Amino acid sequence: MELERRKTKKYTFNILKVEELRKLGSLIVDQDKFYDKYGRLLYLLKTKMKEGILSTLIQFYDSFYHFFTFPDYQLLLTLEEYSSIIGLPITGRIPFTGLEEDPKSHDIAKFTHLRKDEFEKNMATKGLPAQFLIEKALSLSQERKEDDFEAVFSLLVYGLFLFPNIDDFVDMNAIIIFMKGNPVPTLLGDTYYSIHLINSYGKGMITCCTPLLYKWYISHFPNTNNFWDLQEGQRWSQKIMTLTNPDIDWTKN
């Protein structure tokens, strides 16, 4: 499985790279067309997470039953919810397993809109350097090659944001997941694996797309000013602990 292949992490979350991705995303000309092809990547990139909400969620994870148990209700991550949030379907294609052979250069070039010689020249042991892809995306945008720009930009999002593994590189795993076109099962698996490790060892970080988990969680919160108005000195854990079953929005996603 994919997580076994990536269980030794060399990645640390880099907010500067996220800012670069946001700036690149602002160059997309037709965002509706981009959404139809690549999902809600821009929406997730723009997520601003309130401190304390996810750390509270993690404390209530039941590693035996694999859901979040609160005093008056339980929450379970599902493929359908993740699919809805990211705006990508769960397809019939086999998701990433970690057992795949590395694809051929010409196949990678076809999916990423890079030239075969470009890929081979820049591909390192760790993967494709993020800086190379960022510069390539900027060049394609200036040349008004929208389809090529969107493909390179999306690959960057997969490698630095959805499936980060090595700092400043889009590794081969992310490239394969991008080419397979069925990332939702891998995202859900990564999320569960990260949460399980945090609870098992009492430390660590969620290494997959944290904003996706955050969006899923808050989608069940009451959409009221009273709930979202955090009073001085109050913590989100205190707010969340007061919620009961009738307070939860069970209809989202």
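Buried here means under 20% relative accessible area, exposed means over 50%, and partly exposed is what lies in between, with a 1.4 Å probe and protein chains only. Helices (H or I, at least four residues) and strands (E, at least two) are DSSP runs, numbered from the N terminus. The structure is a predicted model, in which local features need pLDDT of at least 70 and side-chain atom pairs count only at pLDDT 80 or more, while totals for chains, interfaces and linings use all residues. Residues are numbered from 1 along each chain as its sequence is written, and side-chain values use heavy atoms, with hydrogens and water left out.

Helix α7 covers residues 105-112, and its buried residues are S105, I108, A109 and T112. Viewed down the axis of α7, these residues fall within an arc of 100°, so they line one face of the helix; the arc is that of the directions from the helix axis to the C-beta atoms. An α-helix has 3.6 residues a turn, so residues three or four places apart point the same way. The cover over the buried residues of α7 includes α8 (116-122), α10 (146-162) and α11 (172-180), where contact means heavy atoms within 4.5 Å. After α7 comes H113, with a positive phi near 65°.

The next topic is the aromatic side chains. Rings of Phe, Tyr and Trp (its six-membered ring) pair if their centres lie within 6.5 Å; planes under 30 degrees apart count as stacked, over 60 as edge-to-face and the rest as tilted. There are 22 aromatic pairs in the structure. One of them joins Y217 and F221 edge-to-face, with 4.7 Å centre to centre and 65° between the planes. Y217 is buried at a relative accessible area of 0%, and F221 is buried at 3%. Another pair, F227 with W236, is tilted, at 5.9 Å centre to centre and 50° between the planes. Both F227 and W236 are buried.

A ring can also have a charge over it, which requires NZ of Lys or CZ of Arg within 6 Å of the ring centre and within 35 degrees of the ring normal. R40 lies over the face of Y43 in this way, at 3.9 Å from the ring centre.

Charged side chains also pair with each other. A salt bridge is a side-chain nitrogen of Lys or Arg within 4 Å of a carboxyl oxygen of Asp or Glu, and by this rule there are eleven. K17 takes part in a salt bridge with E20, at 3.5 Å from N to O. Both residues lie in helix α2 (residues 15-25), three residues apart, about one turn of the helix. K17 is buried, with a relative accessible area of 14%, whereas E20 is partly exposed at 27%.

K17 also forms a salt bridge with D168, whose closest N and O atoms are 3.3 Å apart. K17 belongs to helix α2 and D168 to the loop between α10 and β5 (169-170), so this pair ties together parts that are 151 residues apart in sequence. D168 is partly exposed, with a relative accessible area of 38%.

A further salt bridge joins K33 and E146, at 3.9 Å from N to O. K33 lies in helix α3 (residues 31-38) and E146 in helix α10, so the pair ties together parts that are 113 residues apart in sequence. K33 is partly exposed at 33% relative accessibility, and E146 is partly exposed at 32%. Elsewhere, salt bridges that share partners join R115, D117, E118 and K136 into one network.
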